[in-house]
Every structure is written in C-alpha cells, then in structure tokens.
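This report examines selected local features of one protein model. The sequence and structure are shown below.

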Amino acid sequence: MRIRFCNTFQVKLLITMITNQHSGQIAGLPETYPSFFTGKDSLTSLAAEAAKKALEMAEVDPDDVDLVLMCTSTPEDLFGSAPQIQKKLGCKNNPLAYDITAACSGFVLGLVSAACYIRGGGFKNVLVIGADALSRYVDWTDRGSCILFGDGAGAVLVQACDCEDDGLFAFDLHSDGEGQRHLRATIMQNEVDHVLGTNGSAVGFPPKNSSYSCIQMNGKEVFRFAVRVVPQSIEYALEKAGLTSSNIDWLLLHQANQRIIDAVATRLEVPSERVLSNLANYGNTSAASIPLALDEAVRSGKVQASHTIAAAGFGAGLTWGSAIFRWG
C-alpha cells in the first residue's frame, strides 16, 4: 500500500491587519507598514475548520479518518491540541490524534509521518494539519522579529493508493540541538530559579506558573544555517528518488525569508518561475507556511495533478527536512 496526496487543501487565516493608527506605535514601524496581529479565533478551531473542509473536498467521512496529526509549536493545551480537533470533527471511531512539535519543519514531518503510517501500519486516511500562532510569542517592541511572523492553519488529506500511484518519492530529515541558541522560546529562567533551590529542592511554595519567553532569534545565523542545509537536504532526497532538480515542477520552501528562498533556488538551479512564494502576503506562519503557499498555488491553477514538488521545512530545534512528492 502506498500514498497519494489529494487535492484536498483548505486554509483559514488567523491574521488581521494592524490599523495604521496602531502600527506606528509598535516597534517604531511607519504608519503604513502592513504588520500582522492575531485575531480572536482560537487556533484549534481554525485548524479543525481547515481539516473539516479538507475532508469535504475529498468526500471522506470523518469516521473514515485513521489518524490526525497536528503540526504545531503553539498548542492551546500544554498536552496537545490534536485530540480536540478529532472531537470537533466528530470522529466517532476515536482515531489516534497527536501533536508534532517541530516548529517550521513540522508540516514536512507530518507528511512523512503520514506516509509511514500508511505504508507500515495499513492506515488509509491521515489528516495532516499545519497550524501556528507565533504572533502570540513575539516581542512587539523588537522590530527585528515582530514584523516577521503571521498566523495560519491548513490541512491536507493523505490517502492510501495502489503502488503505481505512490506519491511520496523520497524524504530527508534532520535536527541539530547545538543550534537551539540561534532560535528558541524557552521557559523563563528566572522562574525556574525561583522554583528550585541550590540543591534542586522546591522553594517558595506554591511556585509561580511557568511561562515561555518571547521568540529569540539570531537572524544572521538562521540564514546561514538555512542556505547551507536546505539545498543539501533537497539534493539528497532527489538523489534517493532518482531525480534531479530539473525533474521537479515546483520548489516549495517554508516561507521564512525571501532571501533564503532565492538563495536555495539559485543553489538548486531552479528558475524563479518554478518557485512558490507568498511570504510577502502573510509573513512567517511556521508550520502553516507550506500549506498556505501550496493551497494558493493549487487554487490559482499553478500546481496541477501529477506535478512533482520538492518541499522543505527548516527552523527551531534546529530542525530541517525535505520531501519529494507528486501532487494529486
């Protein structure tokens, strides 16, 4: 049994524009700057809506879903949001549902995980959702980072199919914990120090509730990391698939930085007309960025059934990965 990536994408944005009246008060932005700001909808509700519409487009009943993978680093429950999506979908057979936390690489890991469950576990319908609300964790006084992030959610249904229609050709996944210092949002250290004494015992009972710091990013180091590892990963995946960059119809990267997208495309010798990008419209939406860009490309008619796509995610962890797949 193999897999098929269905044309069953649906995206709902969790983004509203900051009004001109307020944008100039944030990080010294000019009044005309199109920054982004989180709306009132819950991320879980939007993810569930995206998943529901994906199922409707695929004409698959929620009771036929075998697995729900929620790719997010910003769950609204510490223990994960995926089961709530399964609940909102009304899946009566209680399929397994869990979160995948891999930041901006999350959606690629979700696609590969779905393929593994189908190939090795006999699953037939796997929902892969990419959803994040990073604007909740930005420092709005830091112009260097707050203007970069937006929020979004998207879903795709991955289905079993006959061997000759197998849609995932190859993949390549990695992580490097040494790079965490360049991109992180950790529990605030002063709160940890307050809870633990010098011998590790609890002090100051009851302790304060823990909270995470704002996103801390060394942009230059992340850029160097991305332009080095992403082309390598895609080239390795292409080699495993027996393909070259000239065989792909579209290059689809995590929408983090246009300079990164351009540099990777140049390294792979992929012309700009075959690169999918909507970064200017939504900012960096983390695990949602690939589904957002893919959805727009499918709906506009750019991406057609049987097109070959080289997709890659990269980000905090540090994590990175690529997948070569056929659409539709």
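This is a predicted model: local features need pLDDT of at least 70, side-chain atom pairs count only at pLDDT 80 or more; totals for chains, interfaces and linings use all residues.

Thr72 itself belongs to the loop that runs between β5 (67–71) and α3 (82–89). With a relative accessible area of 2%, Thr72 is buried, because that value falls under the 20% limit.

Two of these neighbours also take part in polar pairings with the side chain of Thr72. A polar atom of that side chain lies 2.7 Å from the backbone oxygen of Ala131. The side chain of Asp132 is joined to the side chain of Thr72 by a polar contact of 3.0 Å.

## Residues with positive phi

Glu59 has a phi near 60 degrees, which is positive although the residue is not glycine. The loop between α2 (43–58) and β5 holds Glu59. Its relative accessible area of 74% is over 50%, so Glu59 is classed as exposed.

Ser286, likewise a residue other than glycine, has a positive phi near 55 degrees. Ser286 is placed in the loop between α9 (279–282) and α10 (289–299). Whereas Glu59 is exposed, Ser286 is buried, with a relative accessible area of 2%.

## A cis peptide bond

Gly317 and Leu318 are joined by a cis peptide bond, for which omega is about -10 degrees. Leu318 lies in the loop between β14 (308–315) and β15 (319–326).

## The largest pocket

Empty space can be located by rolling a probe the size of a water molecule over the atoms. The largest pocket has a volume of about 980 Å³. Its lining comprises 38 residues, and those nearest the centre of the pocket are Ser73, Ala103, Leu134, Ala185 and Ala316.

Which elements each supply at least two residues of the lining? They are β10 (183–184), α7 (219–241), α8 (258–268) and β14. Of the contributors, α7 gives the most, with four residues. Sorted by class, the lining contains 20 nonpolar residues, 12 polar residues and six charged residues.

Notes:
Residues are numbered from 1 along each chain as its sequence is written. Side-chain values use heavy atoms; hydrogens and water are left out. Buried means under 20% relative accessible area, exposed over 50%, partly exposed in between (1.4 Å probe, protein chains only). A polar contact is a pair of N or O atoms within 3.5 Å; within protein, one must be able to donate a hydrogen and the other to accept it, and residues adjacent in sequence count only if both atoms are side-chain atoms. On a 1 Å grid over the protein atoms alone, a cavity is a set of points where a 1.4 Å probe fits but cannot get out, and a pocket is an open set with protein on both sides within 12 Å along at least five of seven lines; lining residues have an atom within 4 Å of a point. Grid points are joined across faces, edges and corners, and a volume is the space filled by probe spheres set on the points. Ala, Val, Leu, Ile, Met, Phe, Trp, Tyr, Cys and Pro count as nonpolar, Asp, Glu, Lys and Arg as charged, and the others, Gly among them, as polar.
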